[in-house]
Amino acid sequence: MSAPKALLRANEISGSPAGEAVPRHVAVIMDGNGRWAAARGLPRIAGHRAGAEAVRRTIRACVDAGVEWLTIYAFSSENWRRPAAEVADLTGLLRHYLRHEVAELDRGGVRVRFIGERARFGPSMTAEIEAAELRTASNARLNLNIALSYGARDEIVAAARALAADAAAGLIDPAAIAEAAFANRLTTAGQPDPDLIIRTSGEQRLSNFLLWQSAYAELVFLDVLWPDFDAAQFTLALEAYAGRERRFGARPV
Ligand code: IPE
Ligand code: IPE
Ligand code: MG
């Protein structure tokens with residue numbers, strides 16, 4: 001892709017007087033790997049591999065910008081519906097990433113956590129996921145959540161099920177279940193909600209990503225394909241964010 005180009009209005013790019021605010025938590029829907037590969041006459045896996053490079057660039061950009069939390073959507077619970085060969089390619093790539101990147105993330109002070117149904121990847125990959133979390137548990141420069149076999153509806157249903165079980169067992173009073181109690185049953189318990197959600201590839205939807213947590217997130221849609229995402233694109237998204245007025249339902253001042 002040539003110059004950074006975004007699906008943004010000019011006033012969003014220029015930034016408001018309130019300007020400069022850096023989001024504490026950025027979440028990214030990394031979309032467009034397949035289209036990137038197709039445009040080059042390459043197999044889809046080549047796009048996914050190039051996408052892994054974009055993940056490295058994004059982590060660096062977050063550290064440089066002072067972002068504290070980064071959540072990346074790497075594989076959705078619906079992505080299991082893709083052809084078996086692509087699922088196998090993606091799983092292989094994820095396993096390779098786990099084996100070869102964790103040491104580097106650890107050196108960079110990145111704490112890695114995984115959200116989603118890790119068990120669906122089988123016991124050996126689950127063990128590698130847990131080892132990565134354990135190895136990086138004391139790091140604090142950047143918190144990285146990798147969403148794998150993640151679906152927000154699944155996550156919300158699991159939280160409801162856990163609360164219902166506690167209520168049935170007489171451990172909690174259903175009338176006392178408040179937002180915080182619910183949030184504490186999600187896989188993101190204790191984490192700040194995303195301030196900014198970026199989706200690449202021009203699609204403008206959430207695709208079952210962080211539905212509860214994104215209640216007041218600012219959404220930025222970029223038409224760059226994920227493998228082409230770089231520091232300039234990241235800056236564009238941060239500028240769009242800085243130009244937004246966040247109200248959280250309150251009266252504008
Ligand atoms: C995003 O790229 C990666 C995953 C969903 C795993 P896609 O594979 O969805 O690429 P497109 O959307 O078909 O271009
Ligand atoms: C969302 O992308 C999931 C990830 C980026 C991992 P998809 O390509 O799966 O989403 P849809 O199917 O276009 O909504
Ligand atoms: Mg896609």
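**Notebook: fold and pockets of the chain**

I read the order of elements in this predicted model from the N terminus on and noted α-β-α-α-β-α-β-α-β-α-α-β-β-α. The tally I recorded is eight helices and six strands.

I then looked up the overall dimensions. For the C-alpha trace, I noted spans of about 60 × 55 × 35 Å along the principal axes.

Next I checked burial and contacts. Of the 253 residues, 48% are buried. I considered contacts between residues at least 6 apart in sequence and found that 78% of them join residues at least 24 apart. For the accessible surface I wrote down about 12,700 Å², with 54% of it belonging to carbon and sulfur atoms.

I turned to the largest pocket, which holds about 680 Å³ of space. Its lining comprises 32 residues, and those nearest the centre are Met 30, Asn 33, Tyr 73, Ala 74 and Phe 75. I listed the elements that each give two or more residues to this lining: α2 (33-39), α3 (44-65), β2 (69-76), α4 (84-107) and β4 (142-150).

For the second largest pocket I recorded about 280 Å³. It is lined by 19 residues, with Glu 179, Asp 193, Trp 212, Gln 213 and Ala 215 closest to its centre. I classed this lining as 10 nonpolar, five polar and four charged residues.

Notes:
Residues numbered from 1 in each chain as written. Chains lettered and ligands numbered in written order. Predicted model: local features only at pLDDT ≥ 70, side-chain atom pairs only at ≥ 80, totals over all residues. Heavy atoms only, no water. 1 Å grid on protein atoms, 1.4 Å probe; cavity = no way out; pocket = protein on both sides within 12 Å on 5 of 7 lines; lining within 4 Å. Points joined across faces, edges and corners; volume = space filled by probe spheres on them. Helix = DSSP H or I, 4+ residues; strand = E, 2+ residues; numbered from the N terminus. Nonpolar A, V, L, I, M, F, W, Y, C, P; charged D, E, K, R; others polar. Buried < 20%, exposed > 50% of the residue type's maximum accessible area, 1.4 Å probe, protein only. Contact = heavy atoms within 4.5 Å. Areas by Shrake-Rupley, 256 points an atom, 1.4 Å probe, with all protein chains shown as cover.
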